[in-house]
2 protein chains.
Amino acid sequence: MFDPACPLPFTDYPAVLLAHGAGGRLMHQLLEQLVLPALGGPAAAQHDAAVLAPADGRPALTTDSYVVRPLFFPGGDIGTLAVYGTVNDLAMAGARPRALSLALIIEEGLPMDSLWRVLCSVRAAADAVGVPVVTGDTKVVERGRGDGLYITSTGLGTVPPGVDLRPARIADGDAVLLSGDIGRHGIAVLAQREGLAFETALLSDCAPLHQVIAALLAAGIDLHCARDLTRGGLAAAVVELAMQSGRGVRLEEAAIAVSAPVAAACELLGFEPLHVACEGRLVTYVPAAQADAALAILRAAPGGEQAACIGRVGGRGVVLRGPFGVERPLDLPAGELLPRIC
Amino acid sequence: MFDPACPLPFTDYPAVLLAHGAGGRLMHQLLEQLVLPALGGPAAAQHDAAVLAPADGRPALTTDSYVVRPLFFPGGDIGTLAVYGTVNDLAMAGARPRALSLALIIEEGLPMDSLWRVLCSVRAAADAVGVPVVTGDTKVVERGRGDGLYITSTGLGTVPPGVDLRPARIADGDAVLLSGDIGRHGIAVLAQREGLAFETALLSDCAPLHQVIAALLAAGIDLHCARDLTRGGLAAAVVELAMQSGRGVRLEEAAIAVSAPVAAACELLGFEPLHVACEGRLVTYVPAAQADAALAILRAAPGGEQAACIGRVGGRGVVLRGPFGVERPLDLPAGELLPRIC
């Protein structure tokens with residue numbers, strides 16, 4: 001049986017070699033003794049494709065490559081991120097996650113122990129959301145042609161009948177709800193990468209969001225749309241949804257929670273917190289009449305104490321009203337704000 | 001409308017910048033003007049996950065990362081490979097392909113024109129197999145942290161009722177059928193990479209295999225198992241299936257077609273053709289009574305003129321009988337034979 005507390009299952013190769021990706025004996029050893037035991041489940045069938053039981057409802061498919069640097073950061077690692085990020089993308093379409101696939105691109109020389117730790121994180125995260133990793137792939141590239149490890153995860157989910165979350169359903173008057181404070185993931189990764197120390201420990205907000213979406217739907221909330229706040233942060237999510245729905249939004253800056261260490265780091269580094277990525281936060285657009293009920297559910301979710309209604313759909317463009325009443329337009333971040341935070 | 005003959009849609013950025021992956025304005029330009037027009041279809045919805053129509057049958061899921069070097073080779077490129085390789089993995093489970101997802105990891109500095117050409121190949125291949133790219137992701141990593149472009153493609157398919165291809169169904173006495181000559185993909189890529197020239201032009205065998213699988217099933221052939229010959233070549237496929245089914249195989253070396261340029265290149269380079277990857281060849285295991293009927297279908301498929309029955313399931317281990325009657329055991333290739341050919 002797999003136990004994440006177990007040590008690395010073999011020690012004859014302390015680092016990954018090119019041969020571990022070449023289809024031969026070493027690749028078999030890597031898969032049989034390390035990858036499959038950590039991931040478990042039907043992946044052990046080792047067929048070209050995983051065949052699942054039939055399911056009712058509309059299938060939902062999402063894929064994301066994770067290239068976060070460094071691989072390990074306070075509050076998570078690339079494995080946690082790959083599982084939760086993919087589950088969250090399914091959840092944003094109203095889908096219940098069913099199965100995950102995982103493709104690894106390993107740079108020659110990656111310590112075998114790092115690979116093992118990441119795979120253990122994948123397993124722990126997959127177990128936490130109750131979704132199996134059913135298939136995968138492993139490639140190894142030469143030194144200097146990668147950066148330790150890149151993971152591409154794909155999620156297959158099922159959208160229950162009657163659930164329909166998409167930008168076109170956003171309507172004038174909708175309340176814009178934010179599920180908690182923003183920017184912790186981006187700042188935690190950046191701090192780890194650059195060796196910055198803060199007075200207060202800062203952990204990534206990396207977390208799954210499918211349960212809070214399921215709770216909102218179960219309570220009869222007519223979710224028009226939802227989006228998790230990854231690259232480009234809250235600003236990118238809201239601006240993109242405005243572009244895709246053709247409807248403007250007015251946001252109240254004072255309603256947007258930013259923790260003290262994130263605010264301090266942003267001030268120090270010259271970042272706008274609205275542009276900093278989260279990996280466990282979402283915005284959702286709901287009919288105004290259901291805003292209070294939805295907010296109560298968001299606040300009851302783990303880490304959701306600071307969930308808030310941050311604005312209203314209407315007008316043209318995305319306008320942010322500052323704490324002193326000054327209004328300014330909000331746009332997509334330009335340039336390379338924070339590369340490789342997911 | 002998309003037309004692969006069209007030139008690159010914008011020229012203000014001749015190469016990909018880190019900012020093209022940062023979630024901001026440049027990323028939007030890249031997606032809106034280059035990625036989505038090339039891929040088209042529901043990807044244009046740009047939601048976190050693609051939602052598909054419900055389908056009967058069991059869903060099949062497969063994923064593979066493509067890290068081939070160089071990106072372009074005689075007979076195909078990384079885009080062709082990503083589409084056909086994924087369609088083939090679905091086909092090996094007996095699944096009809098329904099939808100593809102595509103995740104790009106781009107190295108900063110990749111010429112924009114190279115990206116455009118690859119995306120055009122993806123589109124052409126997806127159109128050829130009639131399967132849409134429904135969702136995707138784009139990440140950019142710094143120079144020296146990638147190698148131009150890596151693509152991870154995932155396929156979702158549906159296994160029709162009654163179809164059941166898997167190693168456990170392999171039975172003693174099954175005929176082992178090979179769909180054509182072997183090794184062209186690996187040698188074509190290697191020749192391009194190393195600047196080797198052969199007297200005869202050598203093209204990759206990269207091609208989709210779902211139609212020949214569908215034709216076999218439609219003819220009532222009881223396919224027990226099938227596997228495409230990628231990393232590790234024919235030898236890896238047959239040895240893995242022997243391990244997974246617990247049944248030995250006896251192969252006739254003389255029945256295995258190897259083209260003259262592949263044979264010459266293998267002799268020159270010291271490779272065993274049985275270990276060289278293909279991207280459009282398969283082995284399939286069928287009841288002996290259906291072998292002739294199945295072979296006729298394999299031979300009628302494009303490029304299948306040299307399809308042959310190459311052996312029989314039975315005994316212990318994988319044994320190769322040479323042209324002069326000498327028998328030798330066949331094992332997985334050891335070490336790094338041909339890194340990064342897919």
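Student: What makes domain 1 and domain 2 of chain A separate domains, and what are their bounds?
Tutor: The domain assignment gives domain 1 as 18-159 and domain 2 as 167-329 of chain A; such bounds come from an automatic or database domain assignment. The C-alpha centres of domain 1 and domain 2 of chain A lie 27 Å apart. Keep in mind that this is a predicted model, where local features need pLDDT of at least 70 and side-chain atom pairs count only at pLDDT 80 or more, while totals for chains, interfaces and linings use all residues. Residues are numbered from 1 along each chain as its sequence is written, and chains are lettered from A and ligands numbered from 1 in the order in which they are written.

Student: How many residues of domain 1 of chain A are in contact with domain 2 of chain A, and what counts as a contact?
Tutor: Two residues are in contact if their C-beta atoms, placed from the backbone, lie within 7 Å. By that test, 20 residues of domain 1 of chain A are in contact with 23 residues of domain 2 of chain A. On the domain 1 side, the largest share, nine residues, comes from helix 2 of chain A. Helices (H or I, at least four residues) and strands (E, at least two) are DSSP runs, numbered from the N terminus. That domain 1 side divides into 12 nonpolar, six polar and two charged residues. Here Ala, Val, Leu, Ile, Met, Phe, Trp, Tyr, Cys and Pro count as nonpolar, Asp, Glu, Lys and Arg as charged, and the others, Gly among them, as polar.

Student: Why are strand 9 and strand 14 of chain A said to stand at the edges?
Tutor: Seven strands of chain A form an open sheet in the order 9-11-8-12-10-13-14, with mixed pairing. Strand 9 (225-228) and strand 14 (327-329) of chain A each have a single partner strand, so one side of each is left without a neighbour in the sheet.

Student: What makes strand 8 and strand 12 of chain A a pair?
Tutor: Strands pair if DSSP finds at least two bridges between them. Four bridges join strand 8 to strand 12 of chain A, and the two run antiparallel, so they meet the definition. A:Leu177 stands opposite A:Cys309 in strand 12 of chain A. Strand 10 (residues 249-252) and strand 12 (residues 308-313) of chain A also pair in the antiparallel sense, over three bridges, with A:Val249 opposite A:Val313.

Student: How many residues of chain A are in contact with chain B?
Tutor: 67 residues of chain A are in contact with 67 residues of chain B. Strand 2 (residues 58-66) gives the most to the chain A side, with eight residues. Strand 2 of chain A and strand 1 (residues 50-51) of chain B pair in the antiparallel sense over two bridges, and A:Ala60 stands opposite B:Val51.

Student: Why is helix 1 of chain B called roughly parallel to helix 3 of chain B?
Tutor: The axes of helix 1 (residues 25-39) and helix 3 (residues 112-129) of chain B come within 8 Å and cross at roughly 20 degrees. Axes are lines fitted to C-alpha atoms, for helices over the stretch in contact, and angles run from 0 to 180 degrees between N-to-C directions. Angles under 35 degrees count as roughly parallel, so helix 1 of chain B is roughly parallel to helix 3 of chain B. Their contact divides into nine nonpolar, no polar and one charged residue.

Definitions and conventions
Angles under 35 degrees count as roughly parallel, over 145 as roughly antiparallel, 65 to 115 as roughly perpendicular and the rest as oblique.
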